[in-house]
Structure formats: C-alpha cells, structure tokens
Amino acid sequence: MASYQSIYDFESYHKTAFWLAASKLIDWEKPPKIALDDSNSPFNLWFPDGQLNSCFNAVDRHVIAGHGEQTAIQYESPITGMEASLSYAELQQETAKFAGMLYEQGLVKGDRVIIYMPMIPQAAIAMLGCARIGVVHSVVFGGFASAELAKRIDDCKPKLIVSASCGHEPNRIVHYKPLLDAAIKQSKHKPNRCVIYQRDSVKAELVENQDLEWAEAIEHVVPADPLPVMSYDPLYILYTSGTTGQPKGVVRDNGGHAVALSWSMSNIYNVHQGEVFWAASDIGWVVGHSYIVYGPLFAGCTSILYEGKPIGTPDAGSFWRVIEKNNVKVLFTAPTAFRAIKRADPDGSFITNHNISSLETLFLAGERADSDTIKWAQNHLFVPVLDHWWQTETGWSICANPVGIEQLPIKLGSPYVPMPGYKIEVMDDAGTPVAENILGSIAIKLPLPPSCLSTIWGADDVFIDKYLTKFPGYYESGDAGYIDEDGYVYIMSRTDDVINVAGHRLSTGQIEEVLASHPDVAECAVIGISDVLKGQIPLGFICLYPDSQRPALQISTEAVALVLDTIGRVCALKSVVIVDRLPKTRSGKIVRSTMVKIANGEPWTLPATIDDPAVLDEISDALIKQLK
Ligand code: COA
Ligand code: AMP
C-alpha cells in the first residue's frame, strides 16, 4: 500500500503522470493526453484536450454500469417531515427533462442559470440539468436576501432563474418568490424566465410572462442527452465573500473539478460506489456543491440531502437518526453543528438511542475546529474526527487526513497535511517563507491543482489582484497559520476582512457597506467577535452624523434590521454599538484587530501607530455600557 508521503511526492515529481492517471477515474468523451497547459499562466487549463460531461459522470454512467436502481439522492427533511429517494435512473430522467426544458427556453452551452432554492432534490436536479448541456449554474444560498441575489444577477447575467415557492426554517417559512421578485426589480439585468418549483406547503403567485411552474415547464419537453464540453469550459460560478461588498464569482471548470473530486472521494474520504456519504451543509455553499452533489455522485455513492438543523428539528438526535436509517459511512459538517449538538445534549444521550455503527469517519471543515468539540465528538462517536481545510476557491481540501490512503496520526488543532498538488508555504509580509512553527500568511505555489478556481467571473484582473499579486508565483489563501515540525498545517485566522459565522463566510466590508447606507450613519466598522456556538458573529460600531436628532436606540435597531434585510438573517448581526469616534491609525486605518481583542475581553496593547489612544477607552466603555 502506498503511503500518503509517497503519493504526495510522486505528484510533486511526476505531475503529468499523476493527474493523467487520476483522470481515468472519470469517463471522457475524448480522454485527455495533456494534464496541464500552463502556457498562459495563471490562466491554467487542466486536461486542455479532454472532453467530458459532468452530469454524465455524476449520473448516466452509473445507470449504464447497472446501478440505475441504487439511490443517488436520499432526501431527509425533518423540518417538513418528508423523505424521498431518487435513484440514479430517476435522476437521469429528471436531469434530462430539466436540460430539455432549458433548451426549450432557448438556453445553450455557456448561458447562465441562477438557482435560488431551499434544500430540496430539485436544487440538485437543476444543477445537474444545467451541467448536462454545458449551461453554467450559479447557486445563490437561500439564506441571502434580495440585494445579495440582485448583485449576483447583475454579475453573471442569467437567462433563467430557478427558485421555489418557499423554504422552511425552524421558526418560519421563507417565501422565496417575493425575495426573487424584489431582486429582479433591483437588478439591471433581467432574466428571460423564472422557473418556480411549487412546494406543497406554499403555492407562490406567479408573474405573467416571467414565471413558469417547474412541473408545467418540464412536462412535455424532449429529454436532453449529455453534451460533451471541453474540460476547461465552466461548470459553475459560485460567489464568495471577500474584502468588499461585491462578491467574487469563483469559476470552476468541468474536467479538473471532476477529476479532483473523484480522487478525493476514495483517497480522502474512503467512500466508494454504493456507500452512503452525508455532507450536512447547504447546496448554496461550496461544501454542498462538492460533497452533496458532485463528489458523491461522481463516485456512485448515495448522497444525503438534509433539510434541517443539527438541533431543534426536532431535537439533538436528528443526525444520529439519519445516520442509523441510511447507514451513513462518512459524515461531513462544520464544527458549529457539533457545538450546537454538544450544548443541547452534553452527555450525548441522544446518540446512545441510535445504532450508528455504520459511521466510520467524521470530517469537519468550514471554520477552525476547536479541540473541545473534536474531543467531545471523538468520545461520543468512537470514530476518527478529522478536521480538513479548504475554500470556495479550491473546491476540495487543501489539507486533510487522507484516510483512503492511510490515516495519519491525529493532532488536534490541525487540519492535517497538504493534498497532492498543493505546495504550501507560510510567508512573512515581505513574501519570504518563514521557518516551521512561525505564524504567517499561507500561500500555495502555482500552478494550483485541478478543481481550483480558473478565474473570477468576468474579472480576470480581480483574480490576479486579489489572489496572485501579494506573493508572486503563489496563490494567497487569505488565511494565516503555520506548519509544524511534522509538516502538519494549522489555520489560525484570516488575513482579510472575512469572518466565519456558523461556517458561513461573510465579509465585514459587506456589512459595513450596508450600515453606511443608513441615513444617520456617518461612519462605521464591523468586526468579528468570538461566539461559543457560531465561532464568530459580527459586531457593528456606528458613528452618527452630528446633526442626527433621532433616538440612538431607534437608529441602532434600524441599522441591525437593515443589515439582516439586505444581506440576510444568516449574517447573525445582533447589535451595533453607537460611538463618537472610531479608533484609527495616523494614516486613517481603523484598528479592527485591537477592537476585536477589546470586544472579546482579551489582553491588548496599544498599536504603535494609533492616532488617539483615548478612542480605544471610549470603545471599551461603550461595550461595557452596551452589555449592561
Ligand atoms: N434560507 C433562509 N434563511 C436561512 C437559511 C436559508 N437557507 N439558512 C439560515 N437561515 C437563517 C436562519 O433561519 C436564521 O434566522 P434567525 O436568526 O431569524 O433564526 C439565520 O439565518 C441564521 O441561521 P443559522 O446560521 O443556520 O443559525 P441558527 O442559529 O439557525 O443555527 C446552527 C445554528 C449551528 C445550528 C447552524 O448554523 C448550523 O446547522 N450550522 C451547520 C453548519 C453549516 O451548515 N455550515 C455551512 C458550511 S459547511
Ligand atoms: P468557504 O470559502 O466559505 O469554504 O470558507 C473558507 C474559509 O473558511 C477558509 O479560508 C478559512 O478561513 C475557513 N476554514 C475552512 N476550513 C477551515 C478549517 N478546517 N480550519 C480553519 N479554518 C477553516
């Protein structure tokens, strides 16, 4: 049996051979002879001469191989009390009909479709249906509000939008149709059509000449066959938060993505055809794209699509119930889900009510996994609990413990070691690699391995500017951390304004833009502070215009509501603190990191470049007053 190290080294010295061998994990219309074309670096092309179809690889080929009756997607919705199984044969029919509908609506390869949906099987059908004919999908997380949706509509200019009548959250129904209509009203670009899936619980009112009901739209269409596309043709765009309020559209190709994900399923997760894989995330995030939809289906697994929460739907035993019922072999979720379960059921008594012996490994990602949570999960599940690190930009893990190759020794606090193709360096600010155990910015040497972003949609300059400029020849991850003496990587924090709220990536800059739009707000700052459940939550500071006459409490309540209504409740902003001034350096930069320490009650030192030290005391006093 090859070791992790031998495989990693083999890739380093024989990149072409490694990835051409990996490319055989999928079916190609035209198999590639070339692994990588880096003649136009950084716009590298993986398997540039290969042609394939991602939907064919995720669906049809398993039917052809005789697995048509196997469940492809198992829908578990404790929130609505529904469950359903969709076999590979059924998924083939449904994606073919959806793709046929797209043709009928005049879409062709390269056109874009936005998918704004709750966690129902139709969301996966829509994604795969697009992929079937080379239409580029862009899923917008259902927890985002109209303004965020409108930004994405204007950026990727979809010809068609797919949505549903509603989503179900524990305490309310989310009516998507009014949100969608408001977004279309706000956006400059208008889609030709919206296809609305009517759920039993809510029937949305359709807009004439704009909306079509899903069931009617696909009723009489001619099912479409998979259309081979070039490996480098875009499969999807997924928007993610950066420094500003303008989300970045990460572009993912077809071939590199299919190869890397297929490799990861057997080598990282150790799951194979016929086994059950569950990523308890949302299709609106990269984890949902890679490991609810594409990865498990490329591998011929059964994938669980879970519409519910780890607790409260109805209780902290939901995960164990789903694992027992479906013989889940691998569970993948964010640490915050386990923090929620641990808090609701500290003794793990719900676990003992279920037979979860099918579970072999728990993978965590999306945010830093704290040791307490990992230990709790280990002690109650009796399986390896393995953190791994990745980003929307990469689409699969940069670092992991690849149990499909060998399980490396456990180290709490580390998401383990680089996967093949990722050459990681920790840099100081001048771009010089630092020694082991020294904290710095984490950079990845170019070329990035397959499945990593090929560019930012419509903005090659942003791709170069944001990721490739600070450390020439490297991709700047935006994360800070260190590598220990055994080569284990540790991710400690972000180097930019991104915060991680319950595993959801948000930009403080984006929240600041909304706060600043309030008519009474002259200036503002948003920081991410520690939260026992969600890891981080945002906290806003606002300075009012001197002539503002309205009650402060009213303004702060309005400001919070404005953020939740504009970005979505998922950003979990609970309060803003009104202050007279913001602490700044002499060059005018707000000293956010010191504000974070003050708000977290951690020791802090006066930044050398602070303009007026008294402002930090004012911040501290305002926080104490607010807490009272
Ligand atoms: N559509 C509409 N609203 C949504 C939504 C969606 N798809 N997803 C979340 N929201 C809303 C919630 O209703 C909630 O609104 P509220 O504050 O009015 O109650 C708000 O956004 C925050 O949601 P959430 O982050 O889910 O927090 P929560 O307090 O409801 O639950 C956890 C906390 C820990 C249980 C939850 O965050 C969780 O299950 N996390 C799992 C991690 C995860 O999936 N990460 C994704 C990346 S791997
Ligand atoms: P997203 O693009 O939404 O997947 O968020 C990616 C970011 O989440 C990373 O850049 C990290 O900041 C954080 N992240 C993801 N996984 C981990 C992990 N295992 N440990 C620490 N941070 C993580």
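A salt bridge is taken here as a side-chain nitrogen of Lys or Arg within 4 Å of a carboxyl oxygen of Asp or Glu. By this criterion, the count between domain 1 and domain 2 is one salt bridge, formed by Arg-505 and Glu-393 with the closest N and O atoms 2.9 Å apart. The structure is a predicted model, in which local features need pLDDT of at least 70 and side-chain atom pairs count only at pLDDT 80 or more, while totals for chains, interfaces and linings use all residues. Residues are numbered from 1 along each chain as its sequence is written, chains are lettered from A and ligands numbered from 1 in the order in which they are written, and side-chain values use heavy atoms, with hydrogens and water left out.

Domain 1 comprises 4-308 + 388-481 and domain 2 comprises 504-627, with bounds from an automatic or database domain assignment. Their C-alpha centres lie 34 Å apart. Contact (heavy atoms within 4.5 Å) involves 19 residues of domain 1 and 14 residues of domain 2. The buried area, i.e. the accessible area (1.4 Å probe) that two parts lose on being put together, summed over both, is about 1,200 Å², with 49% given by carbon and sulfur atoms.

Ligand 1 has 23 residues around it, and Glu-169, Arg-172, Lys-309, Pro-310 and Arg-569 come nearest; a residue is near if one of its heavy atoms lies within 4 Å of the molecule. Oxygen atoms of ligand 1 lie 2.4 Å from a polar side-chain atom of Arg-569 and 3.3 Å from one of His-504. A polar backbone atom of Gly-143 is 3.4 Å from a nitrogen atom of ligand 1.

Technical notes
Polar contact = N/O pair within 3.5 Å; in protein donor to acceptor, adjacent residues only side chain to side chain.
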